[in-house]
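Please have the sequence and the 3D view open as you read.

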Amino acid sequence: MSELESLYQKVLSELGEDVNREGLLDTPKRAAKAMKFLTSGYETKLEDVINNAVFTSDNDEMVVVQGIEFYSLCEHHVLPFIGRCHIGYLPNGKVLGLSKFARIVDLFARRLQIQENLTKQIAAAVEEVTGCRGVGVIVEAQHMCMMMRGVQKQNSMMRTSVMLGAFREQQATREEFMRLAGL
């Protein structure tokens, strides 16, 4: 049994469960495997995610990818938060392969996280790999720590944004991004 499996077995026992009960016999193993997957962003490098999918392009108009779903874990309660990410950027001679945006989102979402930092990390990564003139990222999420416990507000949604370069400096660019992202 791995250390992580052993810890899950201890948690179950501390909660008053019979860890030898049929339904729980493999739960520590499954929980450890799930947690390793849900936090796999710690073991993944940005370069590996991008995998040389940055291409030369003379396009200098805004590119927007909207509605990228993600699942993350709140670092305060280790409960899920689930949402969508919208990314826009202004190419500067290079464009990024479409699937790489979702992979960047997952890279950072698959860590213990707070939404504010997740938004900033995604924007910085897109800027770094593309050398773009500007990037905007908006993240909308529902947080189970607010829905399942504490204040128990079922319909609350948190929205965060980070604007870099032209998206920060030029109001018209920011407005175009918001319009194209459907916000």
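Predicted model: local features only at pLDDT ≥ 70, side-chain atom pairs only at ≥ 80, totals over all residues.

## The nonpolar cores

Let's begin inside. The largest nonpolar core has 32 residues, and those with the most contacts inside it are Phe70, Cys85, Ile87, Ile104 and Ile122. At least two residues of this core come from each of α3 (46–50), β2, β3 (80–90), β4 (94–96), α4 (98–109), α5 (115–130) and β6 (134–143). A second, separate core of eight residues includes Ile138, Phe167, Phe177 and Ala181.

Neighbours within four places in sequence aside, Cys85 is in contact with Val65, Gln66, Gly67, Ile68, Phe70, Val105, Ile122, Val137, Ile138 and Val139.

## Strands around β6

Next, the strand pairing. β3 and β6 run antiparallel and are joined by 10 bridges; here Cys85 stands opposite Val139 in β6. β6 also pairs with strand β7 (residues 158–165), again in the antiparallel sense, over eight bridges. Thr160 in β7 is the bridge partner of Val139. As for cover, nine of the 10 residues of β6 are buried.

Ser72 lies in strand β2 (residues 63–74) and counts as buried, at 4% relative accessibility. What does the side chain of Ser72 have within 2.6 Å of a polar atom? The backbone oxygen of Ala109 lies 2.6 Å from a polar atom of that side chain. Leaving aside neighbours within four places in sequence, Ser72 is in contact with Leu79, Pro80, Phe81, Ala109, Arg111 and Gln113.

## The cysteines

How many disulfides does the model have? The count comes to zero, with a cut-off of 2.5 Å between cysteine sulfur atoms. For Cys132, the nearest cysteine sulfur is that of Cys85, 14 Å away. Cys132 is buried, with a relative accessible area of 9%.

Cys145 has the sulfur of Cys74 as its nearest cysteine sulfur, at 4.1 Å. Cys145 is in no disulfide, because a disulfide needs the two sulfur atoms within 2.5 Å. Cys145 also counts as buried, at 14% relative accessibility.

## Helix α1

Finally, a quick check on a helix. Helix α1 (residues 3–14) has 12 residues, which at 1.5 Å a residue should span 16 Å. The C-alpha atoms at its ends are 16 Å apart, in agreement with that value. Just after α1, Gly16 takes a positive phi of about 100°.

Key. Residues numbered from 1 in each chain as written. Heavy atoms only, no water. Buried < 20%, exposed > 50% of the residue type's maximum accessible area, 1.4 Å probe, protein only. Helix = DSSP H or I, 4+ residues; strand = E, 2+ residues; numbered from the N terminus. Expected span 1.5 Å × (residues − 1). Polar contact = N/O pair within 3.5 Å; in protein donor to acceptor, adjacent residues only side chain to side chain. Contact = heavy atoms within 4.5 Å. Core = buried A, V, L, I, M, F, W, Y, C linked by side-chain atoms within 4.5 Å. Pairing = 2+ DSSP bridges.
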